[in-house]
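Open the structure in your viewer and keep the selection tool at hand. This tour goes stop by stop, saying what to pick and what is there.

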Amino acid sequence: MTVSATAIRCGHRGCTCEFGEQWGTAPTLVTAVRTVATVVAWAVAVTTNSDGWLLAALLCYWIGDIADGSLARLINRETRTGAVLDVLADRLSICLVVTSYVTAHPPAAPPAAVFLAQFVVLDAYLTLAFTRWSLLSPNYFGLIDATVYRLNWSPPAKVINTSAVVLVWLATGSSMAATVLAAAVLGVKAFSAVRVAQLPVPRVLSGCAVRDVHSAAASPATAST
Ligand SMILES: [Zn+2]
């Protein structure tokens, strides 16, 4: 997955040749801080049996997740390492908050189960799929496939995918409504996963995602992952 230092810069925003890989960046520090804050708030929530602290943990995750990505784009410090750590930190945060919430509120179990399967398995698979190409993060998946990008990482898709189920549950308290919505999001993720699995995989990473796509289409490698 390393990119040759001699890779010719292509000028596309989001290609790996545009930025050297490093992990000690300010956005990654924000990811670490927001994850520690989420875990601490979660620990307080479970020891004091407090929904308020659980909500605080969820907000630490949500606000921190928006902050690290926004900062990375703002200061041009997006890295593949940062993107992968962000994905893993998200899954830890969500699993802690959702499982603790369901323990205290069993009627939330059906939508939570569908949501966790979607977020921890399908969405993680999709979000990490960008590493098959010379991309810095899923935010540039449009260079590979416009449909998968629009359904998963365009700004409206991000908001709907990560918060719609939670907001519907909190607003209506309807297990049925939240489960139906969670299943709809799961359906979108499953459709996207099948589409990603069918994309030709480049044999080598050129440093430019567009070049990767052209070379994969010219001599398709067998998709093995
Ligand atoms: Zn490029």
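Predicted model: local features only at pLDDT ≥ 70, side-chain atom pairs only at ≥ 80, totals over all residues.

**Stop 1: Cys10**

Select Cys10. Cys10 sits in the segment before α1, the helix that spans 26-48.

Now show its contacts, leaving out residues up to four places away in sequence. Cys10 touches Cys15, Cys17, Glu18, Cys208 and Arg211. Next, draw a distance from the C-alpha atom of Cys10 to that of Ala209. The two atoms are separated by 9.3 Å, although the residues are 199 apart along the chain.

**Stop 2: Thr31**

Move to Thr31, which lies in helix α1. Thr31 is buried, because its relative accessible area of 6% falls under the 20% cut-off. Which residues does Thr31 touch, not counting those up to four places away in sequence? Thr31 touches Asp68, Leu85, Asp86 and Ala89.

**Stop 3: the largest pocket**

Select Asp65, Asp86, Asp90, Asn139 and Lys158 together. Of the 39 residues that line the largest pocket, these lie nearest its centre. The volume of the largest pocket is about 800 Å³.

Color the helices next. At least two lining residues of the largest pocket come from each of α1, α2 (51-74), α3 (80-104), α4 (109-128) and α6 (155-172). Which helix supplies the largest share of this lining? The answer is α2, with 9 residues.

Then color the lining of the largest pocket by class. You will find 13 nonpolar, 15 polar and 11 charged residues.

**Stop 4: the second largest pocket**

Clear the selection and pick Leu58, Tyr101, Val166, Trp169 and Leu170. These lie nearest the centre of the second largest pocket, which is lined by 17 residues. The second largest pocket has a volume of about 340 Å³.

Bring the helices back. For the second largest pocket, α2, α3, α4 and α6 each supply at least two lining residues. Here α3 gives the most, with 5 residues.

Conventions
Residues numbered from 1 in each chain as written. Heavy atoms only, no water. Helix = DSSP H or I, 4+ residues; strand = E, 2+ residues; numbered from the N terminus. Contact = heavy atoms within 4.5 Å. 1 Å grid on protein atoms, 1.4 Å probe; cavity = no way out; pocket = protein on both sides within 12 Å on 5 of 7 lines; lining within 4 Å. Points joined across faces, edges and corners; volume = space filled by probe spheres on them. Nonpolar A, V, L, I, M, F, W, Y, C, P; charged D, E, K, R; others polar. Buried < 20%, exposed > 50% of the residue type's maximum accessible area, 1.4 Å probe, protein only.
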